[in-house]
Amino acid sequence: MHRVTGKVALVTGAASNPGIGSATAERLAQEGAKVFLTDIDLEGAERIATAIRLTDGDATALKHDVTSEADWDRVVTEVLLKHGRIDVLVNNAGIAVLGKMLELGAESERGHQRSATRRASAARRPRLEAHRAFRS
Ligand SMILES: NC(=O)c1ccc[n+]([C@@H]2O[C@H](COP(=O)([O-])OP(=O)(O)OC[C@H]3O[C@@H](n4cnc5c(N)ncnc54)[C@H](O)[C@@H]3O)[C@@H](O)[C@H]2O)c1
């Protein structure tokens, strides 16, 4: 089955192996997508991208901290320069602070909220950037 042949996909947090991001990237590539694997761990993302290419998939690894606006600009620009669009965004990268509720401080709670807000606003960025790119 090649359900996403030719689609351009960006998967964040794709370095961890095993991990949800890497598994998603591998599956998208098997289904025919051109996949961009991004992560703060570039080496890890490169390892997954190389494995995908070895099975004839189309995969590119990029360094990307999803909490950085500048990184989003650079990554989205790079994908748009290469393919002119982003069809699929898997906004997977996230930070989980685990522990007992009473032992986690207020700062950790604020960190969670900041992370969630950034992820929500980050999810809109590629579409906005892509839209802008098509208008110009
Ligand atoms: N695994 C679970 O059971 C589970 C359950 C609920 C939610 N989640 C969420 O799903 C997502 C993936 O889960 P997982 O188990 O594959 O996680 P994981 O920890 O195995 O992988 C997370 C990946 O995100 C990367 N990352 C961390 N911070 C980043 C940042 N600022 N910018 C870019 N990349 C960053 C890490 O380098 C890593 O490669 C996470 O957001 C996690 O919170 C997972």
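**The nonpolar core**

Tutor: Please keep in mind that this is a predicted model. The largest nonpolar core has 27 residues, and those that touch the most other members are Ala 9, Val 11, Ala 25, Val 35, Leu 37 and Ile 48.

Student: Which helices and strands supply at least two residues of this core?

Tutor: The strands are β1 (8-12), β2 (34-39), β3 and β4 (88-90), and the helices are α1 (20-30), α2 (42-54) and α3. As a general matter, nonpolar side chains in soluble globular proteins tend to be buried together.

Student: Take Val 11, then. Which residues does Val 11 touch?

Tutor: Leaving aside residues up to four places away in sequence, Val 11 touches Gly 21, Thr 24, Ala 25, Leu 28, Val 35, Leu 37, Thr 38, Val 90 and Asn 92.

Student: On to α1. Which residues of α1 are buried?

Tutor: Gly 21, Ser 22, Ala 25, Glu 26, Leu 28 and Ala 29 are buried in α1. They lie on the same side of α1, because they cover an arc of only 165 degrees around the axis.

Student: And what do the buried residues of α1 pack against?

Tutor: They pack against β1, β2, α2, β3 and β4. After α1 comes Gly 32, which has a positive phi, near 100 degrees.

Student: Now α3. Which of its residues are buried, and which are exposed?

Tutor: The buried residues in α3 include Trp 72, Val 75, Val 76 and Val 79. These cover an arc of only 95 degrees around the axis, so they are on the same side of α3. On the other side of α3, Ala 70, Asp 73, Thr 77 and Leu 81 are exposed.

Student: How many residues does α3 have, and what follows α3?

Tutor: α3 has 15 residues and reaches 21 Å from its first C-alpha to its last, close to the 21 Å expected at 1.5 Å a residue. Gly 84 follows α3, and its phi is positive, near 80 degrees.

Student: Last one: which residues come nearest the ligand?

Tutor: Of the 20 residues around the ligand, the nearest are Gly 13, Ser 16, Gly 19, Ala 93 and Gly 94. The shell around the ligand has seven nonpolar, ten polar and three charged residues.

Terms used
Residues are numbered from 1 along each chain as its sequence is written. This is a predicted model: local features need pLDDT of at least 70, side-chain atom pairs count only at pLDDT 80 or more; totals for chains, interfaces and linings use all residues. A residue is near a molecule or strand if its C-beta atom, placed from the backbone, lies within 6 Å of it. Ala, Val, Leu, Ile, Met, Phe, Trp, Tyr, Cys and Pro count as nonpolar, Asp, Glu, Lys and Arg as charged, and the others, Gly among them, as polar. Helices (H or I, at least four residues) and strands (E, at least two) are DSSP runs, numbered from the N terminus. The expected span of a helix is 1.5 Å times one less than its number of residues. A residue is buried if 20 or more other C-beta atoms lie within 10 Å of its own, exposed if 12 or fewer, and partly exposed in between; C-beta atoms are placed from the backbone. The arc is that of the directions from the helix axis to the C-beta atoms. A nonpolar core is a set of buried Ala, Val, Leu, Ile, Met, Phe, Trp, Tyr and Cys residues joined through C-beta atoms within 7 Å. Two residues are in contact if their C-beta atoms, placed from the backbone, lie within 7 Å.
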